[in-house]
Amino acid sequence: MNSEKSILSTSTNADLKMKEVSKGFQVKGITNGLVSGITYGIYSTLVVVASGYDPLISAAGFLAAPFVCSGLNDFFAGIFLLFYNAKHGRLKEIIRMVKTKPGKMLVIGFLLGGPIANGAYLVGLAMAGAYAIPISATCSLFGALFSWIFLKQKPTARIILGMVVCVMGAIVINLVKPEGAPNFTLGIICALIAAVSWGLEGVFSSFGGAMIDTDVAVNLRELVSGLFVMILVLPFVGGVGLLFKTLAAGTPVMWLLLSGLSAGISFLTWYKANAMVGTAVGMSLNVTYAFWGVIFSVIFLGQTVTPTMVIGSIVIVIGAILVTMNPLDFFRKGEA
């Protein structure tokens, strides 16, 4: 009799410990997701700060400076992640990954989400300021749309509602244009290009990401993006000279080193959140960068706040969450 009680007690204790471990894992995953959103908002702010120093602020044309920032930021992020992966003995995996078919699919996604999306995003920031941040967050809308088209993943009523809400938020943001931004509309279009490209990256990532270590994938993403921009894009937009002048200037490089570190942490924690609490919840937490980016821009960059900007940003975040998950899942999983 005593032995039966002992077995039952041991079983109960084991169940309780498993629940505690599961809940701790869930909390850690949600924390990673929130950190990814906050650090991407910090990255967005730091890049704008770097762009405010010579020679970037006085660069001719509207493409050279954003792409110099994009290339250096992603390259620095890749270097930081190289040290991180070297510490964990994963450097050999980066070379192996490129040789596999899933790895090659991921590289295509990296090119869409890195040089194209990130470059367009930074051009949008340069032209439309913080208004470009929530517009780019509609990437979840395009991700769901492309999954429907290419992966035959038919959207539910909730996803369709989220898409409509995202569009409504984008319309609200564009109702009132800020003063002193003659290229505002073009900046918003660039932010939309970034959102579309990030949505396509998600499709390619779903093809190739199932068998690849996420830490290695993020590292390669940043390196591929940074090197592609500096070697192939900058000569095309006439930014090679500006790149060397920026490196020689020092101060903007310091800010880009910090932005690269923020971007690296953001992607790393985002992928970890996806693995711990699922892609839907991870993306919903990550997309809060639209909120944080606007907040940081207002506090540290003196960005003018308008009612349409605040309302539109909140609406887009709500829409993005609806697209990626059922908000009730947060509470259901918290009870588990």
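In which hand of crossing does α2 pass α4? The crossing is right-handed, where right-handed means that the near helix is turned clockwise from the far one by less than a right angle, and left-handed that it is turned anticlockwise. The model is a predicted one, in which local features need pLDDT of at least 70 and side-chain atom pairs count only at pLDDT 80 or more, while totals for chains, interfaces and linings use all residues. Residues are numbered from 1 along each chain as its sequence is written, and side-chain values use heavy atoms, with hydrogens and water left out.

Helices (DSSP runs of H or I, at least four residues) are numbered from the N terminus, as are strands (E, at least two). Two packed helices are described by the angle between their axes and the distance between the axes. Axes are lines fitted to C-alpha atoms, for helices over the stretch in contact, and angles run from 0 to 180 degrees between N-to-C directions.

The axes of α2 and α4 come within 8 Å and cross at roughly 130 degrees. That angle makes α2 oblique to α4; angles under 35 degrees count as roughly parallel, over 145 as roughly antiparallel, 65 to 115 as roughly perpendicular and the rest as oblique. In the contact (heavy atoms within 4.5 Å), α2 supplies Pro66, Phe67, Cys69, Ser70, Asn73 and Asp74, and α4 supplies Gly114, Pro115, Asn118, Gly119, Leu122, Val123 and Ala126. By class, the contact of α2 with α4 has 7 nonpolar, 5 polar and 1 charged residues. Here Ala, Val, Leu, Ile, Met, Phe, Trp, Tyr, Cys and Pro count as nonpolar, Asp, Glu, Lys and Arg as charged, and the others, Gly among them, as polar.

With helix α11 (residues 251-277), the axis of α2 comes within 7 Å and crosses at roughly 60 degrees. α2 is therefore oblique to α11, and the crossing is right-handed. Residues making the contact include Phe76 and Phe80 of α2 and Leu257 and Leu261 of α11. The contact of α2 with α11 has 13 nonpolar, 4 polar and 1 charged residues.

The axes of α2 and helix α9 (residues 214-237) come within 7 Å and cross at roughly 150 degrees. The two helices, α2 and α9, are therefore roughly antiparallel to each other. Their crossing is left-handed, and the contact of α2 with α9 divides into 19 nonpolar, 7 polar and 3 charged residues.

The second largest pocket holds about 550 Å³ of space. Its lining has 24 residues, of which Val48, Ser51, Leu125, Ala126 and Met127 are the closest to the centre. A pocket is an open set of points on a 1 Å grid over the protein atoms alone, where a 1.4 Å probe fits, with protein on both sides within 12 Å along at least five of seven lines; lining residues have an atom within 4 Å of a point. Grid points are joined across faces, edges and corners, and a volume is the space filled by probe spheres set on the points. The largest share of the lining, 4 residues, comes from α4.
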